[in-house]
Protein chains: 2
Amino acid sequence: MECAVSEDAHDLRGPGRDEIELAAVMHALSDPVRLGIAAELRTCGEERRCGSFEVAVGKSTLTHHFRVLREAGVICQRQDGTARLSRLRSDDLDARFPGLLDAVLRAHADSATARPAAA
Amino acid sequence: MECAVSEDAHDLRGPGRDEIELAAVMHALSDPVRLGIAAELRTCGEERRCGSFEVAVGKSTLTHHFRVLREAGVICQRQDGTARLSRLRSDDLDARFPGLLDAVLRAHADSATARPAAA
DNA sequence: GTCGAAGTTCGACGGTTACCGTACCAAAAG
DNA sequence: CTTTTGGTACGGTAACCGTCGAACTTCGAC
């Protein structure tokens, strides 16, 4: 879908703070893999390499998920040599949708502890 | 998809409180139509007839959206004559995912006022 | 009993998504 | 320079999603 950002889709910064759309964020965080990525990103609080996430999908699929998260404004990325570093846009998200990211990630953490390996 | 509720899929109550899954709720609320329904349901605070919502989709589509919301545990429904009444499961949602529904609907309300008739 | 209103079910269609493997590229290591 | 490593781009596929219209059901009104 069209994202209202004025910059190129290859830009690693994603949409501007005011361009972040709720439906896009909700959709980005409605996938278990992406939810897990966001959660891991929050716990470490820092930038992280793409390959350092515990996910059960192939590399190209992971690239896809990172793009969805980035274009929704959930994360931003930065190139560092051969590594691509991702960071959660907690501040922007919180400015635009106060409490949302926190509630979602807390809910995820709770469900994760409640059902560790949900069958 | 399989919902872990023990009852029939035609049950208008939806999943039990502890069966509500975060990803399902997020997905249910990632659609503008459903988000609008949930928002209207919250503002009125009461039960509401299916046909009384201001949405730009046909009847059968509306039925589909209500089912998604119900099976995710966002709303529950009740038959009253020919009318089907829907109610937001605020209490269950809040017990399972504290602050989530509130943050989402507040975010939606904010975006709605910020861009009244988003073209 | 008949008609209309409120919703559901069914089938279909077009667009999107999640996934994969392969090929590719750029930077670092040898 | 060659190889390895980290990751993207490009198809391609199968499933899903949002939408619709038409047919059906059920209740209430006449």
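## Two residues to begin with

Let us start with E71(B), which is found in helix α3 of chain B. The model is a predicted one, and in it E71(B) counts as partly exposed because it has 18 C-beta neighbours inside 10 Å. If you look for E46(B), you will find it 25 residues away from E71(B) in sequence, with 19 Å between the two C-alpha atoms.

Now turn to G73(B), which sits in the loop between α3 and β2 (75–80) of chain B. Is G73(B) buried or exposed? G73(B) has 26 C-beta neighbours inside 10 Å, so it counts as buried. Apart from its neighbours within four places in sequence, G73(B) is in contact with G14(B), P15(B), I20(B), V25(B), R89(B) and D92(B). Its C-alpha atom is 11 Å from that of R87(B), a residue 14 positions apart from G73(B) along the chain.

## How chain A is built

Chain A has five helices and three strands. Starting at the N terminus, its elements follow the order α-α-β-α-β-β-α-α. Of its 119 residues, 31% count as buried. Among contacts in chain A with a separation of 6 or more, 60% come from residues 24 or more positions apart.

The average pLDDT of chain A is 87, and 87% of the residues score at least 70. Which helix of chain A has the highest confidence, and which the lowest? The highest is α1 (residues 22–28) of chain A, at a mean of 98, and the lowest is α5 (residues 100–114) of chain A, at 91.

One stretch calls for some care. Over residues 1–9 of chain A, pLDDT stays under 50, and the model has seven contacts beyond four places in sequence for these residues. Where pLDDT is low, predicted coordinates should not be read in detail.

## Two chains, one relation

How does chain A relate to chain B? Chain A is superposed on chain B by a rotation of 180 degrees with 0.1 Å of shift along its axis, with an RMSD of 0.1 Å. This is why the relation is that of a two-fold axis. The same surface serves both copies, as 100% of the contact residues of chain A recur in chain B.

The contact itself takes 16 residues from chain A and 16 residues from chain B. On the side of chain A that touches chain B, the elements giving two or more residues are α1, α2 (32–44) and α5 of chain A. Helix α5(A) gives the most to this side, with six residues. By class, this side of chain A has 11 nonpolar, five polar and no charged residues.

In soluble globular proteins, nonpolar side chains tend to be buried together. Here the largest nonpolar core has 49 residues, and V25(A) and V25(B) have the most contacts inside it. Elements that each supply at least two residues of this core are α1, α2, α3 and α5 of chain A together with α1 (22–28), α2 (32–44), α3 and α5 (100–114) of chain B. Which element gives the most to this core? That is α5(A), with six residues.

Leaving aside neighbours within four places in sequence, V25(A) is in contact with I20(A), A72(A), G73(A), V74(A) and F97(A).

## Around the DNA

There are 23 residues around DNA strand C, and S60(A), G81(A), G51(B), S60(B) and T63(B) come nearest. Helix α3 of chain A, along with α3 and β3 (83–88) of chain B, each supply at least two residues of the surface near DNA strand C. Of these, α3(A) gives the most, with five residues. By class, the surface near DNA strand C has seven nonpolar, 12 polar and four charged residues.

DNA strand D is surrounded by 21 residues, the closest being G51(A), S60(A), T63(A), S60(B) and G81(B). The elements that each supply at least two residues of the surface near DNA strand D are α3 (59–72) and β3 (83–88) of chain A together with α3 (59–72) of chain B. The residues of that surface divide into six nonpolar, 11 polar and four charged.

Note on methods
Residues numbered from 1 in each chain as written. Chains lettered and ligands numbered in written order. Predicted model: local features only at pLDDT ≥ 70, side-chain atom pairs only at ≥ 80, totals over all residues. Near = placed C-beta within 6 Å. Helix = DSSP H or I, 4+ residues; strand = E, 2+ residues; numbered from the N terminus. Nonpolar A, V, L, I, M, F, W, Y, C, P; charged D, E, K, R; others polar. pLDDT = per-residue confidence, 0-100. Contact = placed C-beta atoms within 7 Å. Core = buried A, V, L, I, M, F, W, Y, C linked by C-beta atoms within 7 Å. Buried ≥ 20, exposed ≤ 12 C-beta atoms within 10 Å, placed from the backbone. Least-squares fit on C-alpha atoms with pLDDT ≥ 70 in both.
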